[in-house]
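Subject: Handing over a structure

Dear colleague,

I am passing a structure on to you, and below it you will find notes on what was found in it. Please read them with the structure open beside you.

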Amino acid sequence: VAQNGASSIRLNQIGFYPDAPKIAIVLGGRDSVFYIQTPEKKTVFSGELKQSVKPDFAGNKTLIADFSSYQIPGKYVLFVPGIGYSYPFEINKSVLKSVAYASIKAYYYMRASIPLKEKYAGKWHRAEGHPDTNVIVHPSAATGKRLAGTVISSPRGWYDAGDYNKYIVNSGISTSTLLSLYEDFPAYIKTVKLNIPESGNHIPDVLNEVLWNLRWMLTMQDPNDGGVYHKLTNAAFDKFEMPDKAIAPRYVVQKGTAATLDFAAVMAQASRIFVKFPGELPGLSDSCISAANKAWEWAVANPNVIYNQDAMNQKFGPQITTGGYGDWNFSDEFIWAASELYVTTREARFIKDINLMPDAKMPLPAWNQVRLLGYYALLKNTRTASAGVRKELPGLKKRLLAFADSLIKGADETAYETVMDKSTRNFIWGSNSVAANQGVALIQAYMVSNDPKYLRFALANLDYILGRNGTGYAYVTGYGSKTPMHPHHRPSSSDGIAEPIPGLLAGGPNPGMQDHIKVPSIVPDEAYIDDEQAYAVNEIAINWNAPLAYLANALEALQSK
Ligand code: G3I
Ligand code: 9MR
C-alpha cells in the first residue's frame, strides 16, 4: 500500500546531471529496495536503501536511495514499495538550465518603471509601476543643495522583494553577484538568452538585466557630495495590490556609510566589466568608476553614519516604516569596497588604510555582511594584484578552503547529506539564501583548488533547494512538483493568475515566526509554510535570488565545459 508517496521521498524535483551524484531521502520506509522507473513504470534500475548515519533534525531515521551509477538520460520516477512513487525527475546534460535561466529572468519581473509586455512576460504581463520620476528628498536626506522637498528623478531598478521599495544595500549585493556570474563565466553567460526587451543588442542578457538596476543605483548618489541615499521608499508598505495601483509618494532618505560603500563596490566592479563594451555603452565605465571614487571619498569622510530608522523617525517626518536594512558595523563594507576599487584601479591606496584581513573569519555573505564578496574579488583577480596584496593571497586562499572544509565537514552524515546542518545560524529569515550562498562559497573554493568535492556539495545544496530537504518543497516558484504557490509577493498575489511569477526563491524555513504566522513545526528545517501572509518564511527577495542564480548557472557552466 502506498503510504505517503511523493511527499515522503525527498529529491531534486527537477533532476540530475548524468555523471553527478543522485540521491533521494526516504522518510518512514522499512523496505530495503528502491526502483528507478520510466513514466510507463518500466524498471530501469534497482538499488538498496541504506540507513542514514544520523536521524533528521526531528530525530527520525531516514533512508538513502543512491542511484548515482544510473546515468542514462530520460524521464523517471523513483518507486519504494510500501511508500509509493516520487515526483517525476529527469536525467540529462543540461537539466538545470531552465531553472538557472528562470532565476535570472525573475529580475525582469521585478523591474520598476516599465510595463512588462506579454511578448517577454507571458501571462504575467502587467502595466508599468512606480515611474519614480518625482521622488521627494526626505528631510533626513536634505543637504544645502538638495533641500527637503526637492524633487529628483530616480527611475528603474528592481523591487526589493514582496514589497515595492528599492534599497541600495540589498540591491548592491544582488547586482554584484550577477556581475560576478558574468565575470566568472563569460563564455557561458554570453549564451544565456532571457527574452527581455534589450535582447539582441550585442550585450549579454544578464548584463542587460543588471543595467536596469545599475542605472537606477547611479541616480541614488547625491551629485553634490558623493554620498548615497539608503533607499527609495514609500513612507509605509503598500497593501497587496498591483504596482501601477500603488501610487503613494516616494522618498529618498538619509545617506549612510553602508549604502555608500556598497554602491562604491558595485560601481567599481561594473566599471571593469562594462569597459569591454565601449561601442555599446560609451562612457558608462568611466561614469561608474568616477561615481565609485566619489562614494569612497564620502565614506572615508563619513565612516560611521548608521542608518538607524527609529532614530531618524524621532527627528524627521514623515515617519518611514518600510524595511530598515540597518547595519551598525562597516568594517566589512570597507573591505568590500576597497577590494573592488583596488582590483579595478590597481591603486594600492584603497587598501592601504583599512584593515583588509582583520582576522581569520570568513562570514557568509548577507545584506549586512559583505566581507567575503571583497575576498572573492581579490582571489579571482590575482593577476592585477600588487606585490603587497599578492603576498596575502596564499593565506586568503587557505582560509577560503578551510572555510569550505568546515562547511562540508560532517555533511555526509546528516540526514539529507547537505551542508545545511542544524545550526541556528543556517535557519534564519531567508535561510534558502544561506543554502545558496554556501553553494557559491563552495564554487569559489572549487575554482581556486579544482577539488571536485567542493563542487559535489555545491550541487547538493541546489538539490536541497529543489526538494531534498526537511519540507519536501522545491523552493523556486514554477519549478518542481511541490513548489510555493502563495509567496509573500504583491504582484503574484494581485495579478489574478494562479501561478506565482516564476523563478523566485522563497525565503525558506525559519522558526522565528517574526510574521506571527504559525509554522507547522519549529524543527529548524521544517519551519516553513506556503502562506501569503508568512513573510518571515515565504517572501521572495532579490538578494536571495542572486546567489541562487549564481549557483545554478555556475553549475550549468561548469557542467557544459
Ligand atoms: O543576526 C541575528 C543572528 O545573530 C541570530 O542568530 C538570528 C536568529 O533569529 O537572527 C539574526 O538577525 C536577523 C536578521 O534578519 C539577520 O539575518 C533578525 O532576527 C531578522 O529579524 C532580520 O530579518 C531581516 C528582515 O528584513 C527584518 O528586518 C531579513 O534579514 C531581511 O532579509 C528582511 O528584509 C526585508 C526588507 O526589510 C523589506 N523588503 C523585504 C525584505 C525581505 O523580507
Ligand atoms: O510586505 C512587507 C515585507 O516586504 C517585509 O519583509 C515585512 C517585514 O518588514 O513586512 C511586510 O509588510 C507587513 C508589515 O510589516 C506589517 N503589516 C502587514 C504587512 C504585510 O501585508
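In this predicted model, a polar side-chain atom of His488 lies 2.6 Å from an oxygen atom of ligand 2, and a polar side-chain atom of Glu539 is likewise placed 2.6 Å from an oxygen atom of that ligand. Arg490 also takes part, with a polar side-chain atom 2.9 Å from an oxygen atom of ligand 2; a polar contact here is a pair of N or O atoms within 3.5 Å, and within protein one of them must be able to donate a hydrogen and the other to accept it, while residues adjacent in sequence count only if both atoms are side-chain atoms. Of the 450 Å² of accessible area that ligand 2 has on its own, the protein covers 62% (areas come from the Shrake-Rupley method with a 1.4 Å probe, and for residues only the protein chains shown count as cover).

The residues around ligand 2, meaning those with a heavy atom within 4 Å of it, are Asp163, Phe237, Phe240, Trp429, His488, Arg490, Tyr535 and Glu539. By class, this shell has 4 nonpolar, 1 polar and 3 charged residues, where Ala, Val, Leu, Ile, Met, Phe, Trp, Tyr, Cys and Pro count as nonpolar, Asp, Glu, Lys and Arg as charged, and the others, Gly among them, as polar.

Before going further, some conventions: residues are numbered from 1 along each chain as its sequence is written, and chains are lettered from A and ligands numbered from 1 in the order in which they are written. Local features need pLDDT of at least 70, side-chain atom pairs count only at pLDDT 80 or more, totals for chains, interfaces and linings use all residues, and side-chain values use heavy atoms, with hydrogens and water left out.

Ligand 1 is surrounded by Asp160, Ala161, Asp163, Tyr167, Gly323, Tyr325, Trp367, Ile428, Trp429, Gln514, Glu539 and Trp544, a shell that divides into 7 nonpolar, 2 polar and 3 charged residues. Oxygen atoms of ligand 1 lie 3.0 Å from a polar side-chain atom of Trp367, 3.1 Å from an N or O atom in the side chain of Trp429 and 3.2 Å from a polar side-chain atom of Tyr325. The protein covers 60% of the 790 Å² of accessible area that ligand 1 has on its own.

Turning to helix α11 (residues 371-380), 9 of its 10 residues are buried, that is, under 20% relative accessible area, whereas exposed means over 50% and partly exposed lies in between (1.4 Å probe, protein chains only). Helices (H or I, at least four residues) and strands (E, at least two) are DSSP runs, numbered from the N terminus. Among the elements that cover the buried residues of α11 are α3 (168-184), α6 (257-274) and α14 (431-449).

There is also an open sheet of 4 strands, with antiparallel pairing and the order β1-β3-β7-β6; strands pair if DSSP finds at least two bridges between them. Because β1 (9-10) and β6 (50-51) stand at the edges with a single partner strand each, one side of each is left without a neighbour in the sheet. The antiparallel strands β6 and β7 (residues 62-66) are joined by 2 bridges, and Lys50 stands opposite Ile64 in β7.

Finally, Thr43 lies in strand β5 (residues 43-48) and is partly exposed, with a relative accessible area of 40%. The side chain of Thr43 makes a polar contact with that of Gln37 (3.2 Å).

With best wishes

Note on methods: Contact = heavy atoms within 4.5 Å.
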